[in-house]
Structures are given as structure tokens and as C-alpha cells.
Amino acid sequence: GIYNAIFEGDNPHKILILNNLGTAYLQQCQYQEALKYHEECLASSQRIFEKDHPTKATVFINLGDDWAALGNFAKAIDYYEKSMRMFESIYGAVHP
């Protein structure tokens, strides 16, 4: 895509663009395309961020939304739970 021409390799700006593209496709009910961008976003974020990072936890939420829209609620719940565990690991169980 165009983001590869602009950004070489993995970086936070590319991750933001991939995430936003996925969300835009989800809002247009193009669920497979949304899933593709969110999965690429997750792969990129796993390469550059530490084990637990808020960006990765947010991508897990978006992947959950993609799978819920596709009717795979078990996968959606799995991603939502991964996100919750990661946010708890980062911020603790009690966070405003």
C-alpha cells in the first residue's frame, strides 16, 4: 500500500495508519479488509513494542470487533480478553 512507500519498516506512524485503515473498513462493513489491516497492524506492533504495550492492547480490541462483525464471537471474546489482560498488566487492575 501507499504507507509502505512512505514508511520503510515498522514504526508507530505506520501502525497508526494501519489501525485507522482497518477501522475505516470495519465502519464500511468490509470486515475481511478490516481484519487484514488490523492483523498487519498487530504484526507490526509486536515487532517494535515491548511485550505489553497500550497500542497492542488497543489492536486486540479492534481485532475483537472485526471477528464479532464476522460472527466469530469466540475469537472476538478471546481478543477482548487478551486486551483486558494486557491493560491490567500495564496499568494494574484498578485504573481510572
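A residue is called buried when its relative accessible area is under 20%, exposed when that value is over 50%, and partly exposed in between. The views below show a predicted model.

**Figure 1. The protein chain as a whole, with five helices and zero strands.** Read along the sequence, the chain follows the pattern α-α-α-α-α, and buried residues make up 33% of its 96 residues. Among the contacts in the chain with a separation of 6 or more, 52% are made by residues 24 or more positions apart. The accessible surface comes to about 5700 Å², and 56% of this area belongs to carbon and sulfur atoms.

**Figure 2. Helix 2 and its buried face.** Helix 2 has 16 residues and reaches 23 Å from its first C-alpha to its last, which is close to the 22 Å expected at 1.5 Å a residue. The buried residues in this helix are Lys 14, Ile 15, Leu 18, Asn 19, Gly 22 and Leu 26. Because these residues fall within an arc of 135 degrees when seen down the axis of helix 2, they line one face of the helix. The face turned away from this buried side carries His 13 and Gln 27, both of which are exposed. At the start of helix 2, a side-chain oxygen of Asn 11 reaches to within 2.9 Å of the backbone nitrogen of His 13.

**Figure 3. Cys 29 in the loop between helix 2 and helix 3.** Helix 2 is followed by Cys 29, whose phi is positive, near 65 degrees. Most residues other than glycine have a negative phi. Cys 29 has its positive phi although it is not a glycine, and its place in the chain is the loop that lies between helix 2 and helix 3.

Figure 4. The side chain of Ser 44 makes a polar contact with the side chain of Asp 10, at 2.6 Å.

**Figure 5. Leu 35 of helix 3 and the residues around it.** Leu 35 is found in helix 3, which spans residues 31–48, and with a relative accessibility of 5% it counts as buried. Apart from neighbours within four places in sequence, Leu 35 is in contact with Leu 63, Asp 66, Trp 67 and Leu 70. The C-alpha atoms of Leu 35 and Thr 23 are separated by 9.0 Å, and these two residues are twelve residues apart along the chain.

**Figure 6. The largest nonpolar core, with 15 residues.** In soluble globular proteins, nonpolar side chains tend to be buried together. Within the largest nonpolar core of this model, the residues with the most contacts are Cys 41, Leu 42, Val 59, Phe 60, Leu 63, Trp 67 and Tyr 79. The elements that give two or more residues to this core are helix 2 (12–27), helix 3, helix 4 (54–69) and helix 5 (73–91), and the largest share, five residues, comes from helix 4. Leu 63, when neighbours within four places in sequence are left aside, is in contact with Leu 35, His 38, Glu 39, Leu 42 and Tyr 79.

**Figure 7. Helix 5 and its packing against helix 4.** Helix 5 has 19 residues and reaches 26 Å from its first C-alpha to its last, close to the 27 Å expected at 1.5 Å a residue. Its buried residues are Ala 76, Tyr 79, Ser 83 and Met 86, and since they cover an arc of only 95 degrees around the axis, they are on the same side of helix 5. These buried residues pack against helix 4, while the face turned away from the buried side of helix 5 carries the exposed residues Phe 73 and Ala 74. Ile 77 also lies in helix 5, but with a relative accessible area of 45% it is partly exposed. Ile 77 and Leu 63 are 14 residues apart in sequence, and their C-alpha atoms are 9.9 Å apart in space. Helix 5 is followed by Gly 92, whose phi is positive, near 95 degrees.

Technical notes: Residues are numbered from 1 along each chain as its sequence is written. This is a predicted model: local features need pLDDT of at least 70, side-chain atom pairs count only at pLDDT 80 or more; totals for chains, interfaces and linings use all residues. Side-chain values use heavy atoms; hydrogens and water are left out. Helices (H or I, at least four residues) and strands (E, at least two) are DSSP runs, numbered from the N terminus. Buried means under 20% relative accessible area, exposed over 50%, partly exposed in between (1.4 Å probe, protein chains only). Contact means heavy atoms within 4.5 Å. A nonpolar core is a set of buried Ala, Val, Leu, Ile, Met, Phe, Trp, Tyr and Cys residues joined through side-chain atoms within 4.5 Å. The expected span of a helix is 1.5 Å times one less than its number of residues. The arc is that of the directions from the helix axis to the C-beta atoms. A polar contact is a pair of N or O atoms within 3.5 Å; within protein, one must be able to donate a hydrogen and the other to accept it, and residues adjacent in sequence count only if both atoms are side-chain atoms. Accessible areas come from the Shrake-Rupley method with a 1.4 Å probe; for residues, only the protein chains shown count as cover.
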